[in-house]
Amino acid sequence: FLQVQQDSATNDAFSLRSFAVTTLLHNAFSTRSEDAIPQTRALDTCSYNVEVLLAGCAGSGLTADVEVAAPKARAINSEIENKEQETYSVDETQLPGGTQISKDYKNTATLTFPDGKALTIDFSDVSSLDFAALPSFDEDKCWDIVCGRPFVDYNGKSMLASSFSAGECVSASSWLHNVTQATAINSMTSQNMLEKEWTRSALGEHASVASFAAFSIALMSNSAPSNLVEDSLIAALDEVRHAKMSFNIASKLARKVIGPGSLPPSRHEFKHNLTALAVSVAKEGCVDETLSALAAAAECELIDQVLENGADAVTKYSGVAEELLVSIRNDLQIISLDESNHSALAWRTLNW
């Protein structure tokens, strides 16, 4: 929520429009008495507020950049309260085995903007022709999509570990694909945005290991055949390798060793419920794993474009050393193929 205050003295065009509208309304609604005295507002005292409700995230895990040209601004992060869910329709379908009942729900909540958490910024020393940037969200508030199979808790919330450098977490370096390569990262060029993107990808692959572990338990809780359980465990080992590859790339781009911390505490329930298993497999496996495979393949094509066109190719990988680009491309080819196999596992499970 953004509230902007602007004085008319800094905007002549608005002042003239305001004066014209004020004069028009006065002439339209005042009496035609000769004694009537026009009452217009002095231009140098006119001011207005603008209130804007906007998303603080720009998508793809990036924070939104907001720039303001005004004497003052207040930024308030909203809070969601009074969340409720109610049934607004029930459908009954007669099937050979009985009656199937489906319900549609309406979710409501109150969006509040606590004044106590408002951030007021004074831009009075900024020229009216210049824009000043507002502080953006913390990066982790904008993370939404992860690479690989997402690890979700009982409430459907996606779980990710935090990232740490080797000095902050002693086990961080153990998640590198090749520890010896990490010693050479100081010779690499630091790529801040790419580093964050690959750290995010690595954390997603790291969480996928736990996701396949939970998936294996869910399969066994519903008497799945052994070949599905075995393939699920193999997929978990694939994700360990993907995580190490990704942390290795992130470390090279950051010029320091980056690895995962602990997963946050979570609650899980494994029931004899084939319907719930099928729904989770469709969402987390058939959809998310397929998208992960396609995303990795698209990244390979992007890197190939940079390798072929060199400095003429303007992409997020521009400026990265060719040796590192080749290494990233090769790892992505492996990840893309493995994710395709994981997607196929999900479809085989759904078919079962």
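R329 is buried (under 20% relative accessible area, with exposed meaning over 50% and partly exposed in between; 1.4 Å probe, protein chains only), its own relative accessible area being 17%. The model is predicted, so local features need pLDDT of at least 70 and side-chain atom pairs count only at pLDDT 80 or more, while totals for chains, interfaces and linings use all residues. Residues are numbered from 1 along each chain as its sequence is written, and side-chain values use heavy atoms, with hydrogens and water left out.

Side chains of opposite charge can pair when their charged atoms come close. With a salt bridge taken as a side-chain nitrogen of Lys or Arg within 4 Å of a carboxyl oxygen of Asp or Glu, the count comes to 8. One of them joins R329 to D304, at 2.6 Å from N to O. This pair links distant parts of the chain, 25 residues apart: D304 lies in helix α5 (residues 274–309) and R329 in helix α6 (residues 322–351). Helices here are DSSP runs (H or I, at least four residues), numbered from the N terminus, as are strands (E, at least two). D304 is partly exposed, at 23%.

A second pairing sits within helix α4 (residues 226–254), where R241 and D238 are 3 residues apart and therefore separated by about one helical turn. Their closest N and O atoms are 3.3 Å apart. D238 is buried, with 13% relative accessibility, whereas R241 is partly exposed at 29%.

R267 and E269 also form a salt bridge (2.7 Å, N to O), and E269 is partly exposed at 33%. Finally, salt bridges link E197, E299 and K316 in a network.
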